[in-house]
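Okay, thanks for coming, everyone. I'd like to walk you through one model today, so let me put it up on the screen.

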Amino acid sequence: MESNEEIRRLVNAIALKNASEHSGSTNVNTVLSRILSLKPELKNELKTLIEEIRIIVDSVNKLDLEQQKKYINEIYSVNINIDSKSRHENIDSHTLPELQLTGTEVVTRFPPEPNGYPHIGHAKAVVIDEEYARMYNGKLILRFDDTNPMNEKLEYYEVIKSDLEWLGVKPDIIKNTSDDILMLHEYGKNLTRNGDAYICTCGIDNIHKFRMEQIECPCRRNIDNSESNLERLDKIFGGAYHQNEAIIRFKGNMQDKNTVMRDPTLFRIIEVPHPLLGDKIQLWPTYDFAAPVEDSLDGVSHALRTKEYELRNFLYQSILDKLHLRKPIVVEFSRLEFDNMPVSKRKIKQLLEDGLISGWDDPRLLTLSAMRRRGFDPKAIRKFVLSLGLTLAETKPPFKALESMNRKIIDPHAIRLFFVKDPIKLIVDDGKNIKVTLSNHPTNDLGKREVEVSTVFYISRDDAMLLAEEEEVRLMELYNIKIKNIDLENKRVITASYFNNDIVREMKKIQWVSDKSVTKYSILVPKDLYLNDKFNPNSLEIVEGYAESSVLQLKSRIPIQFIRFGFCISEEKKSAIFIHR
Ligand SMILES: [Zn+2]
């Protein structure tokens with residue numbers, strides 16, 4: 001059964017399509033009959049369905065035809081096929097909408113700044129970039145956007161490369177924006193000489209004030225005639241100014257409603273050594289300047305950017321116009337975010353400084369390093385981000401969707417073992433000393449293990465609390481027992497006796513660990529890092545318990561399903577990280 005959310009999406013898609021084919025308006029009946037023909041089972045919930053349709057139809061009819069068409073394009077990008085009865089759940093790379101082609105080779109680029117560890121949002125961008133490059137037999141460029149040495153480190157270049165490799169991304173070209181710094185300087189000089197940019201020495205506070213008041217500064221109008229703009233140009237390139245004393249600004253429009261266009265900064269002085277170029281360069285272009293010039297000169301045909309850059313797109317195009325450079329097509333998509341799981345570098349760096357997380361690979365984070373450590377398979381991440389497609393909607397996808405894709409991938413090779421949390425002793429007084437052979441997987445051949453049992457077992461406290469005297473319960477894959485006595489307070493022991501070995505469907509089945517093959521074991525359970533926008537002090541639970549001693553023979557980084565507990569990945573001999581249920 002599909003979730004309500006999926007039904008709503010489908011209704012929305014049908015309504016939009018019908019409206020766009022009928023001069024912008026649709027009605028409840030048409031949409032209802034369409035959806036029932038696709039999903040007859042919904043007849044059972046007609047009342048709620050009609051209510052949903054009514055709400056959606058109303059909101060669709062309020063849009064104009066242009067907007068309706070725009071939304072339809074987005075919907076197709078997430079692959080709701082409203083024309084075909086056989087809608088496949090299996091969303092893969094072919095869900096991306098076609099690109100508008102220009103006759104040149106399709107070239108995409110992924111331009112991370114080497115100022116931190118890449119996270120799942122980066123994965124979305126780079127995977128889409130790569131899929132497009134492959135779809136059209138084009139090229140993917142990995143370009144380190146390294147023009148702010150204040151935050152950049154060699155370590156980050158390396159980790160970005162290795163994390164992308166883990167993700168299975170294979171760039172055709174790897175380069176750095178800083179490789180082209182002298183050329184970028186030339187373009188900056190040209191722009192200034194042509195009167196499309198100027199050197200401003202007003203200082204941060206005044207620049208901010210003038211922007212707010214929509215006033216042009218004296219530098220732009222060259223009112224201060226003690227030195228000309230071109231003299232200042234020589235000075236700024238000659239190293240005569242220090243940090244914050246002068247910047248190069250684009251001549252935009254100080255009255256523009258889009259504040260980005262109010263004479264944005266193109267170059268600024270940063271007196272910090274660059275990780276690759278050292279002290280050689282101190283005048284650095286901003287992303288606003290470097291990105292369009294680099295994209296154009298690198299032959300990028302389609303520049304994919306997240307929607308947060310929307311306001312900057314006009315500037316991107318204006319700079320290329322003024323420089324008479326070829327303009328790539330800008331394609332937007334929405335940034336990937338999850339509730340209570342921040343990915344912002346600022347927040348992560350703060351948590352690190354405050355000692356609240358253990359590193360960039362802390363399992364509570366969504367950096368790729370953390371997700372790798374936590375046992376996510378890169379194929380699941382790829383599949384997940386592609387399933388989101390190019391949608392522009394600012395919805396946050398459920399993290400559970402990613403977990404479920406990961407579960408499908410790791411389940412076939414995750415070894416089944418028993419673990420009991422917060423163990424309680426269980427004595428089966430007439431139990432025999434025997435050896436039982438258990439399968440490591442219910443369907444796949446992952447081997448077997450031999451477990452020695454006697455009269456003493458451990459079960460988890462959660463299960464123990466729910467037992468009642470005289471109750472019959474099955475020790476999984478062993479036999480049924482009858483509970484005799486429960487003492488959870490004083491001796492913390494439950495006594496029972498052997499009952500029989502019939503498999504009874506309704507009987508409670510619990511996992512156990514035998515006293516003869518037991519080891520202490522701890523599992524790190526990551527939870528939401530934030531609660532109500534604040535750090536959650538309980539975001540990392542350490543669950544202590546007993547596991548079967550055969551767990552000690554596993555290498556590290558092996559996926560395990562602890563039955564009735566969840567999927568984990570072994571980390572050290574006696575510990576694992578919880579992945580998901
Ligand atoms: Zn100024």
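Let me start with what I'm calling an aromatic pair: rings of Phe, Tyr and Trp (for Trp, the six-membered ring) pair if their centres lie within 6.5 Å, and planes under 30 degrees apart count as stacked, over 60 as edge-to-face and the rest as tilted. With that in hand, Phe419, Tyr521, Phe562, Phe565 and Phe578 make up one aromatic cluster.

Some housekeeping. This is a predicted model, so local features need pLDDT of at least 70 and side-chain atom pairs count only at pLDDT 80 or more, while totals for chains, interfaces and linings use all residues. Residues are numbered from 1 along each chain as its sequence is written, and side-chain values use heavy atoms, with hydrogens and water left out.

Now the overall picture. The protein has 17 helices and 27 strands; those are DSSP runs numbered from the N terminus, helices being H or I with at least four residues and strands being E with at least two. The C-alpha trace spans about 100 × 65 × 45 Å along its principal axes. Of the 581 residues, 53% count as buried, where buried means under 20% relative accessible area, exposed over 50% and partly exposed in between, with a 1.4 Å probe and protein chains only.

Back to the rings. By the pairing rule we get 19 aromatic pairs. One of them is phenylalanine 376 with phenylalanine 399, edge-to-face, 5.9 Å centre to centre with 70° between the planes. Phenylalanine 376 lies in the loop between helix 14 (368–373) and helix 15 (378–388) and phenylalanine 399 in helix 16 (residues 399–410), so this pair ties together parts that are 23 residues apart in sequence. Both of these phenylalanines are buried.

Then there's phenylalanine 418 with tryptophan 512, a tilted pair at 5.3 Å centre to centre and 55° between the planes. Here the two partners are 94 residues apart: phenylalanine 418 is in the loop between strand 10 (415–417) and strand 11 (419–421), and tryptophan 512 in the loop between strand 19 (508–510) and strand 20 (513–514). These two are buried as well.

Phenylalanine 418 also has a charge over it: arginine 449 lies over its face, 5.9 Å from the ring centre. For that I ask that NZ of Lys or CZ of Arg be within 6 Å of the ring centre and within 35 degrees of the ring normal. Lysine 189 does this too, with its charged end over the ring of phenylalanine 237, 4.7 Å from the centre.

On to strands, which pair if DSSP finds at least two bridges between them. How do the seven strands of the open sheet line up? The order is 19-16-17-18-12-15-20, with mixed pairing. Strands 19 and 20 are the edges, each pairing on one side only. Inside that sheet order, strand 12 (residues 423–428) and strand 18 (residues 493–500) pair parallel over four bridges, and leucine 426 has isoleucine 494 in strand 18 as its bridge partner.

Lastly, look at strand 24 (residues 540–548). Strand 11 pairs with strand 24 antiparallel over three bridges, with lysine 421 opposite glycine 545. Strand 21 (residues 518–526) also runs antiparallel to strand 24, joined by nine bridges, and there leucine 524 stands opposite isoleucine 542.

That's my tour; over to you.
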